[in-house]
Protein chains: 2
Amino acid sequence: MMTPSEALRISREVSKAVREVVSDIAGKKEAGENVGMGKDGTPTKRVDRLAEDTALEILKGYDVVVVTEESGVVGKGDVAVALDPVDGTFNAARGIPIYAISMCFAGLNGRDKAKYSDSFFGYVYNLATGDEYYADDEAYKNGEKIRVSETERIEETNAILYYPDRDYGFKRVRIFGAASLEICLVAEGSMDCFIDIRTGKGKGMLRVYDVAAGLYIAEKAGARISTPSGENLDSKEFTMEERFMLVVANKKLHGKLLNLLTVRR
Amino acid sequence: MMTPSEALRISREVSKAVREVVSDIAGKKEAGENVGMGKDGTPTKRVDRLAEDTALEILKGYDVVVVTEESGVVGKGDVAVALDPVDGTFNAARGIPIYAISMCFAGLNGRDKAKYSDSFFGYVYNLATGDEYYADDEAYKNGEKIRVSETERIEETNAILYYPDRDYGFKRVRIFGAASLEICLVAEGSMDCFIDIRTGKGKGMLRVYDVAAGLYIAEKAGARISTPSGENLDSKEFTMEERFMLVVANKKLHGKLLNLLTVRR
């Protein structure tokens, strides 16, 4: 079986190559042009296509099954990789320096689909700045261990929230437009929570390949993660279909947030 | 009288020096430590103090009156400069690459206070990335002319909105935490509007030195600017006291937004 350190080496190989192709077109109009339709049913932008082609070219040299936005499920092996080659495509197309490649590695153990609970390595890399987050048994940013904040009070909370539908009383609300990186901001204690309560067809808007790596990093940094109704995410599968809502925060704040969000509006 | 090209030269001299001192501590814990109380009545962070000291040291070599967050009104001359040495302090302290120095130059014409309508040059510089926005008679990003978007439909609008209190039907909502840069994103057409409807003691939250430069750039790029009730901003003074709410967008969208925001909730 692949080790976390092998997964790290592969992640860096992929990220370096993707950063090179993306940096050539980030912020240029062509980056945001539609070049086809993705397997997820949304249009594929040129920057996504370039990044994904580059990532898959490298990953096909390894025994992995890749689950990805544009191409669906590709490859064979005993490890599944949830890949988002460019999380934050909108930002990348406009040169706003908050977009990342995200990869989560999980053991298949003879099954044809991995679940989030099978994850053993998460990797998120800001393609604009080069900031690197990953987690094996511990979580790191640029090689230094990271930890969630200890903020407990709602009025002191710096929240990432998709989308505010009323005033929850947070100190600050931010929406940067790249979930994988935003969850890493929670993992490192820069922001106190990440919340996505968008319902999108009743199931939520987030997909496994958007957030699995960030979630794995956040958990290893001390975060608690669940849906807003408190559902555990362990059984979420690395498939195109899974969609969910999400709350990520330190353990004490997490409980308060679930209460806050379920109060009848 | 100072010319726009002299203002540009001074702005670049100041920004270069500020970027050097800020890059040493951005993303480090000490950047966000309180080091005193600003003239605006809020705590001064170390990164603000360092940046402002550096900017004022240079600006005192010129005949300008500087209006600024931490030090208040300093200097003498026939030109007023609304200075925010670090707009987006929260981001700077956390290494989130969206923070800027903002300078708006206005003629005093013998009076002791400048109004927004006296402005003749606006300058906003992302201290993390080096992206430079300015306007004299035209608006530029990194030397290229910029223009607001032509988006007219609310459901196609990418909005910056402080803060959402309900679902307005925008395509996307973003909150990056640096108003000067966010207004420049509207000026360049990357985002379609900037809205701040926070009431803060009934007057609004934005101050002249936060946004004057961005507003001047946005207007020269074709934006219409006003308060949410449609009030013109020309008479807003470069003082510590002025506070207001704001709507910035292309002319057609701007009118629709004023309607949308005044619909009874």
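Of the residues of chain B, Ile175(B) has the C-alpha that comes closest to the rotation axis, at 2.4 Å. This is a predicted model, in which local features need pLDDT of at least 70, side-chain atom pairs count only at pLDDT 80 or more, and totals for chains, interfaces and linings use all residues. Residues are numbered from 1 along each chain as its sequence is written, chains are lettered from A in the order in which they are written, and side-chain values use heavy atoms, without hydrogens or water.

**The two copies**
- Chain B superposes on chain A by a rotation of 180 degrees with 0.0 Å of shift along the axis (RMSD 0.0 Å), using least squares on the C-alpha atoms of residues with pLDDT of at least 70 in both.
- The two copies are thus related as by a two-fold rotation axis.
- Both copies use the same surface: 100% of the contact residues of chain B recur in chain A, contact meaning heavy atoms within 4.5 Å.

**The sheet in chain A**
- Eight strands make an open, mixed sheet in the order 4-3-5-6-7-8-9-10; strands (E, at least two residues) and helices (H or I, at least four) are DSSP runs numbered from the N terminus, and two strands pair if DSSP finds at least two bridges between them.
- Strand 4 (72-74) and strand 10 (144-145) of chain A are the edges, each pairing on one side only.
- Strand 8 (residues 132-135) and strand 9 (residues 139-141) of chain A run antiparallel, joined by three bridges.
- Tyr134(A) stands opposite Tyr140(A) in strand 9 of chain A.
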